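Here are a few notes to read alongside the structure. Keep the viewer open and follow the points in order.

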Amino acid sequence: MNDVSPAISTLTRAQHAERMAAYREAGVRLAREIGNRGPVRLDEKGRLDQEILDAYWKHGFYVFEGVIGAQEIEDLRRGAAEMLERAPVAPDAKVDAQGREALGLDSVRQVYRLVKPLSDPVGGTELLGGRHPSKMSEPRPDDDAPEYVVHQMYSMCRYMPAGLRLYGHPQLLAIAASINGEDFVPFNDVIFVKQPGLGGSVAWHQDGVTHWNSPEWNEGIHGFNFQVQIYPTTPANALWVIPGTHKQGRVDIKRLVAENGGSEQIPGAMPLVCNAGDVTIVNRQTVHGSFANSSPDLRVSVTFGFHRRKSVLGAKAGLSMKPYADTYDAAHIDARAAVIQVAIDARRQKHPEETPFVYEPFVGREDEFRFNDETFERVIRNYTLKDCAI
Ligand SMILES: O=C(O)CCC(=O)C(=O)O
């Protein structure tokens with residue numbers, strides 16, 4: 001049964017955790033029924049097995065198990081922990097918790113997004129194109145909670161060497177090419193941090209903002225996001241999805257919540273429960289979200305998305321890119337896609353035993369995009385200015 005109490009926001013953290021229990025169990029049952037998970041399987045051309053592709057297009061998500069090895073997970077955890085330690089103590093602060101200069105003060109775009117513990121920073125507001133129409137419950141944190149917690153960290157290719165190398169992962173790039181074509185292009189990257197007993201929620205939403213009314217609208221037009229899980233996820237802290245909604249056009253989320261007695265516990269949703277090293281893909285049109293992390297478990301999800309080139313070329317800049325670009329032309333896309341090529345080379349330098357991914361748009365230009373100090377300045381330092389948000 002769903003919790004329909006309109007007073008859920010007055011709950012304590014512990015009460016919130018308890019009120020989620022039945023919903024979590026229903027979600028886990030649905031996840032078991034649907035499946036849609038297993039190891040990456042590539043065909044003889046190095047592209048995703050057709051059965052997996054069909055399963056992804058049917059449900060709008062897939063969980064790839066055991067993709068990232070133990071050493072790489074360790075490197076990613078260390079990098080994410082270092083970024084976390086260097087975060088400013090408050091949204092406008094210049095210092096971290098140890099009084100050192102916070103990371104990213106010289107960055108042209110924001111590197112950290114902080115929120116009040118267990119809060120929902122965007123639900124029910126007009127922020128980000130108003131795409132989070134309904135507010136999640138905001139339980140009361142424990143008395144010893146800090147005033148702010150890190151919710152999102154941007155620019156991993158600049159600030160986390162392991163993040164840049166992950167961006168060049170051959171299997172993940174093969175998946176991107178299989179879904180969006182050989183000339184696929186990047187979207188952005190962001191690390192979602194859901195701290196134990198403190199992490200904020202991400203209200204139910206669909207990601208895309210650009211092509212909903214296009215005569216060419218289809219289920220893949222707004223691309224997809226990877227999430228690399230560097231800690232195990234649980235039904236309480238995981239990202240939840242409503243399977244199949246990527247095919248439905250714009251979903252009236254406000255109505256779904258209203259029809260559910262005002263409760264955020266929308267029926268038919270399921271959590272993406274993972275082990276560390278698993279990687280999920282979620283179609284950006286799939287309705288998805290996550291609840292306030294009233295649980296004792298940390299989630300850190302390294303998130304990055306890819307598009308079809310034709311969805312981006314000539315499109316008006318959307319979401320957080322509005323202040324930085326007007327329309328995405330070929331030069332804008334090329335500058336951002338170059339991050340992939342540099343990442344492939346950064347990975348090759350660390351993993352000479354791997355066969356690097358061949359990224360079609362940069363074939364013949366590989367030497368211009370070797371990972372070195374010059375390309376760090378030219379391609380990586382301010383790469384988030386070239387994100388392709390639609
Ligand atoms: O991981 C989360 O909690 C939110 C992820 C999300 O909204 C996204 O990837 O678009």
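1. One term first: a residue counts as near a molecule when its C-beta atom, placed from the backbone, lies within 6 Å of that molecule. Keep in mind, too, that this is a predicted model.

2. Now for the ligand. Which residues surround the ligand? They are Phe192, Val202, Asp207, Asn225, Leu239, His288, Ser290, Ser301 and Thr303. By type, this shell splits into three nonpolar residues, five polar ones and one charged one. Strands E11 and E12 (299-307) each contribute at least two residues to the shell.

3. Let's look at a sheet next. Four strands make an open sheet, in the order E6-E11-E8-E9, and their pairing is antiparallel. At the edges sit E6 (202-205) and E9 (270-271), each of which pairs on one side only.

4. Zoom in on one pair in that sheet. E6 runs antiparallel to E11 (residues 287-290), and two bridges link them. Find His205: its bridge partner in E11 is His288.

5. What about E1 and its pairing with E2 (residues 61-64)? These strands run parallel and are joined by two bridges. Look for Arg37, which stands opposite Val63 in E2. In general, strands of a sheet pair through backbone hydrogen bonds, in either a parallel or an antiparallel way.

Technical notes
Residues numbered from 1 in each chain as written. Predicted model: local features only at pLDDT ≥ 70, side-chain atom pairs only at ≥ 80, totals over all residues. Pairing = 2+ DSSP bridges. Nonpolar A, V, L, I, M, F, W, Y, C, P; charged D, E, K, R; others polar.
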